[in-house]
Amino acid sequence: MKTEAFAALRRTLDRYHPLGDQSWAALQTACSYRELRRHELLCRAGETPTYFSFVHRGLFRAFVLDEKGNEYNKAFFEEGRFPGAMTALLRGEPSRVTLEALEAAVVIDISFASFRRLLHLHHDLALFQIHYLEHHWLLDKDAREIELVQEEAAERYLRFLRDFPALAGRLPLYHIASHLGITPTQLSRIRKKIEGTQPM
């Protein structure tokens, strides 16, 4: 499994920008393999993280708690994604988000400090970073913020189904509802309405 995980990591890196053998060898020195049980945490709110991760197998959620203790799912990370408390890592401060495994998982943890040093030494690794951030942290984040402000709840749910069809089948409805900023009851009503309008 460890060999498979590292091979998957390199394939994922190459999809964003091809990585040379020298850069790949250097990156591996910053990596460590880990298996997690369901509900185990990658990062806990209040703790200062030192790494981010690559998901080889499994599904994670990043969530925050409001002042009343209600959970809000900010994002989900399936295979091929890199969950991490990035703001906390960049600032060297305690995380405001918790990252939880929703399934048994296999990850590769990547030391953030080591990764940052390697970015200055390996141009191809820096280009991977740019392309990944542009896609997942800029474009996705911008679209998400617009959806929350401008779209009705039913529209947000239909968009989620279109954009993440595989995730929709892996996630409990209450996690999807939290991500959409609605209650599970609201989501249940939306689903019933949509199903009632589907052609027979």
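This is a predicted model: local features need pLDDT of at least 70, side-chain atom pairs count only at pLDDT 80 or more; totals for chains, interfaces and linings use all residues.
Glu79 sits in the loop between strand 5 (71-77) and helix 3 (86-91).

The side chains of Arg170 and Glu79 form a salt bridge, at 3.0 Å from N to O. Arg170 belongs to helix 7 (residues 165-170), so this pair links distant parts of the chain, 91 residues apart. Is Arg170 buried, partly exposed or exposed? With 30% relative accessibility, Arg170 is partly exposed.

Move on to Arg91 and Glu93. Their side chains meet in another salt bridge, with 3.6 Å between N and O. Arg91 is exposed, at 60% relative accessibility, whereas Glu93 is partly exposed, at 29%.

Now go to Arg10 and select Asp21 with it. These two form a salt bridge whose closest N and O atoms are 2.9 Å apart. Asp21 counts as exposed because its relative accessibility is 57%, and the exposed class begins over 50%.

For the last stop, select Arg61, Glu71 and Glu100 together. What links these three residues? A network of salt bridges does.

To see the rest, look across the whole structure: a search finds 10 salt bridges, among them Glu79 with Arg170, Arg91 with Glu93 and Arg10 with Asp21.

Key. Residues are numbered from 1 along each chain as its sequence is written. Side-chain values use heavy atoms; hydrogens and water are left out. A salt bridge is a side-chain nitrogen of Lys or Arg within 4 Å of a carboxyl oxygen of Asp or Glu. Buried means under 20% relative accessible area, exposed over 50%, partly exposed in between (1.4 Å probe, protein chains only). Helices (H or I, at least four residues) and strands (E, at least two) are DSSP runs, numbered from the N terminus.
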